[in-house]
Amino acid sequence: MFQLIDVFFAFITIALLVLAGRFVRQRVKLLRDLYLPSSIVAGVIALLLGPQALGAVVSAIAGSEAPFAQGLFPETIRNVWSQSPSVFINVVFATLFIGESIPSPRDIWRKASPQVAFGQTLAWGQYVVGLLLAILILTPVFGMSPIAASLIEVAFEGGHGTAAGMAETFNNLGFTVGPDLALGLATVGIVSGIIAGTMLADWARRTGKIQVIRSEDPDAGSFDSHDRTNEDPTIRVARARLMRDLLIDPLSLNLSFVGLAIAIGWLILQAFIYIESITWGRAGVELFSYVPLFPIALIGGLIVQLLVERTGRSYLISRPLIERIGGVALDVTIVTALASISLAVLGSNLGPFLILSVAGIAWNVLAFIYLGPRILPTFWFERGIGDLGQSMGVTATGLVLMRMVDPDNRSGAFESFAYKQLLFEPIVGGGLFTAAAPLLIAQFGPVPVLLLTTGILAFWLVFGTYNFKRITKSSQVV
């Protein structure tokens, strides 16, 4: 157990680690070239200064009673860190849609349907590949739980945040090596995503696959000019008036909306658990009891945003502040999750870890090269590279790669990529199916889930190619 003062110093230590991570990242060119966030560097530093690295070295040299034999951080701080990822990931997902303008479904579908099809294809393909590996190799050869089949999608498509958030579900299902493997795979995914994306971008420039022409304006490619819609001036005026009239800090007000979103998500999840307990749960089939809160918190955030829009209260929310709240929560999630990785688990499962890593990278890269130009009708490379980055790391990785090949947004990839998230995040990449997949595999076995995911993958492939032909044909008529 730990006390509140332990929690306080645990997060003070995280702040110091983030500063150290930033310092190291700025002075190591390789880390800058890989676009690794400072939070990942900080998490690795925390891991190296913990009992499994520094502590192990000191114990081997000076004995287990020597100073720092358990690493640089007290056990109480490590206990706080071990519980933090599953808490703060709820904040990350609750902030995804709060403060974002929600267009009509027709507008979203018209602009983003090809990218929705391509992103869904990548995600469901990760399940198919993982399930085949589990059935043919991981379970019969290495004796691993078939739940390992979900690791590629959880780690690659979901990233460190989702991998950390799923730890409790894996442990509850008896797959205790899952959290460490997922975090290790997430690190492999984000590094390989940047490396593969950079190599593919260089290949595309040499072979003429990139169609956009870069502007000479050095300021044209800033993120702010592309990834945020212009806010209505009346909303800014109303918000300024609100801040004058209310004795409340704007950050506190926006944090309150995040809390409301999480509370709504918790109520929804509890309702599902109750319904399950009086229906199919009586027959021994339990799903929602194992579902983590974070994908439902995302739905709670969407409900909050729709409520403020319908009631004309959009001025109450500042999207930049919401993003800052989510950003801090994500940094805490990543640092504490990486600091808590078990190196012994990774070492004892090195074979499955390498197999999953290579298979995940191969599927994403080959699907991008072969399926991208057959699903995305215009600017396939500029648009698809964002989905490739997201499918191997996080959304930010996709944005980095898109900016690398189309800094001026002449392809319109940024808007399509943003709209796609509304039809993507609630399902995969940390959404409802990501949370449900380990439960489904545990309840029904890998073969039925393989049939289900193969059918969904086939649907998106058929729809993607049909949509490609339809859009291409209509553009030729015009």
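Colleague: Why are α3 and α15 called roughly parallel to each other?

Modeller: This is a predicted model, in which local features need pLDDT of at least 70, side-chain atom pairs count only at pLDDT 80 or more, and totals for chains, interfaces and linings use all residues. Residues are numbered from 1 along each chain as its sequence is written, and side-chain values use heavy atoms, without hydrogens and water. Helix α3 (residues 38–48) and helix α15 (residues 319–339) pack at an angle of about 30°. Angles under 35 degrees count as roughly parallel, and α3 and α15 are therefore roughly parallel to each other.

Colleague: Which residues of α3 and α15 make the contact?

Modeller: Contact means heavy atoms within 4.5 Å. On α3 the residues are S39, I40, A42, G43, V44, A46 and L47, and on α15 they are D331, I334, V335, L338 and A339.

Colleague: What makes α13 and α15 roughly perpendicular to each other?

Modeller: The axes of helix α13 (residues 250–278) and α15 cross at roughly 70° and come within 9 Å. The range for roughly perpendicular is 65 to 115 degrees, so α13 and α15 fall under that term. P250, L251, N254, L255 and V258 in α13 meet L321, I322 and I325 in α15.

Colleague: What are the classes of the residues in the contact of α13 with α15?

Modeller: Ala, Val, Leu, Ile, Met, Phe, Trp, Tyr, Cys and Pro count as nonpolar, Asp, Glu, Lys and Arg as charged, and the others, Gly among them, as polar. On that basis the contact of α13 with α15 has 7 nonpolar, 1 polar and no charged residues.

Conventions:
Axes fitted to C-alpha atoms, helices over the stretch in contact; angles between N-to-C directions. Helix = DSSP H or I, 4+ residues; strand = E, 2+ residues; numbered from the N terminus. Parallel < 35°, antiparallel > 145°, perpendicular 65-115°, else oblique.
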